[in-house]
Amino acid sequence: MHYKYNISFILFALVSFGFSQIKTDTIIPIHKTGDSIIDGKLLNSGKIIPAEPDTLNIKDLKDHPEAAELDQKWLEELYSNALYDTIYKSVTELTYEPIDYPELSTDTLKARLERLNARTPFNVEYNPSLESVIKRYLKHRRTSLERLMGLSHFYFPMFEAEFDNYNIPLEMKYLSIVESALKPRARSRVGATGLWQFMFGTGKEYDLDVSSYVDERSDPIRSTTAAAKYLARLYKIFGDWDLALAAYNSGPGNVNKAIRRSGGYKNYWNIRANLPRETAGYVPAFLATMYIFEYAEEHGFKPERPPFQLIQTDTIHVKQMITLDQVAETTGVNIEELQFLNPSYKLDIIPEIEGKTYVLRLPREAVGVFTTNEDKIYAFAKAEFDKREKPLPQLFNADTKVRYRVKSGDYLGKIARRYGVRVSQIKRWNGLRSNNLKIGQRLTIYPRKPVVTTQTAKPKTSVSTSGRKTYKVKSGDSLWSIAQKFSGVSVQNLKDWNDISGNKLKIGMTLIVSE
């Protein structure tokens, strides 16, 4: 047998192709063209079979661009609730294989579950399946759980108050984590909506108003009242909180079928194998969440700081139609904060409907401003509505898409207010994962407000204050509050006299407040 190359060259070639771990005494010789080695045997084919070119050019096939764009929008709409979807998926696809998590021993877990079982009406006894779910969450969901623990400081006091009114175990508050990841506007694939995931029909049955402007399934207090009533009804049927939980998820009919198929057992763990897959993971997910929240300190969790504590806010009964944008303008509260505090208003409009009472939740410091200047604020809102060609915003359609170029001083809330849309919508339309923007960045927006075409921007000229009355901006000032200090002066006057396009002011800047 004759070798074509010497050993040194072969070693160099093997090392070049990533085979540096092959030893010299195991090198397979390279043979002449046409030789092949299969399963360690040398085969000599005697001829070369040339490759034929691909005449179909299959790699150049392309999708229809407009249809692809619609697909992308649809997928973004489906999967925009990242944290909610993660939790939903974890429930529907739970597996119960042992998890390596040495930080929590089985004996320690058993002791803690026993203490938890003694102080709750739920069956929290140890079993390997529950241990698997708890350790899986501890190992893989720490960041999202810390975020949820932060949000819970705002939502849980509301839940506990409502559950106490209906004699529901206070630990039921943890069900909201499993149901919606504390996202008031969470929406499932089948249309269940809100913190407690009510379907349209069930929501109506429990007096949750759903209209073009309001969806009370997203109202933290009203939806929790409905959930408390529903859970109390389910407990009355089954006399067991574990089964009431299962029925909340899949309906009483499916629980009754599982009881029959199991031979009449009424313990959740005995009928679990006969429940729908999602419901089979539902109670373990609830119990695992309860354990982690109750023993968060022992596991070293550091909750994120919530946007608000509930005690830092209060509500006002609204007397006439007003938008959150108008509230932001008159009180100085950031529009994103108002949207967080008032998630049930679908178009950011609090309507005026006969026989209905709607509330506005505000930070406490803004409640005084609103109530003290209530008449002026409502007059301002009415004047704003009267200026519109149509009194209420219209929903966008595909023909109203605009491309917006980010300028210095822009931020998502400011752009959202300009076009009458939500920050979350702009992020979804443009695939943004954070609120950060870059100057010159292009954004796709589907405006709800009429878009006014602007002329090419002229260089800003300094505004002369000679002979005019001026005012120095202080902390807490807004254009509206400054306008109220001077008779006959409007917000638009201030903007025109001072060459201001937005609503942002800087402390210390000097404004002209007279012609």
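**View 1. Arginine 361 in strand S6.** Arginine 361 belongs to strand S6, which spans residues 359-363. Strands are DSSP runs (E) of at least two residues and helices are runs (H or I) of at least four, numbered from the N terminus. The model is predicted: local features need pLDDT of at least 70, side-chain atom pairs count only at pLDDT 80 or more, and totals for chains, interfaces and linings use all residues. Residues are numbered from 1 along each chain as its sequence is written, and side-chain values use heavy atoms, with hydrogens and water left out.

View 2. Arginine 361 is buried, that is, under 20% relative accessible area with a 1.4 Å probe, protein chains only. Arginine 361 has no salt bridge, a term for a side-chain nitrogen of Lys or Arg within 4 Å of a carboxyl oxygen of Asp or Glu. The nearest side chain of opposite charge, that of aspartate 314, is 5.7 Å away. Residues touched by arginine 361, leaving aside those up to four places away in sequence, include Phe154, Met158, Ile221 and Leu338; contact means heavy atoms within 4.5 Å.

**View 3. Helix H13.** Helix H13 covers residues 277-294 and has 18 residues. From its first C-alpha to its last, H13 reaches 27 Å, close to the 26 Å expected at 1.5 Å a residue; the expected span is 1.5 Å times one less than the number of residues. H13 is mostly covered, with 15 of its 18 residues buried.

**View 4. The protein as a whole.** The protein has 21 helices and 10 strands. Of its 515 residues, 44% are buried.

Definitions and conventions:
Buried < 20%, exposed > 50% of the residue type's maximum accessible area, 1.4 Å probe, protein only. Lys, Arg positive; Asp, Glu negative; His and termini not counted.
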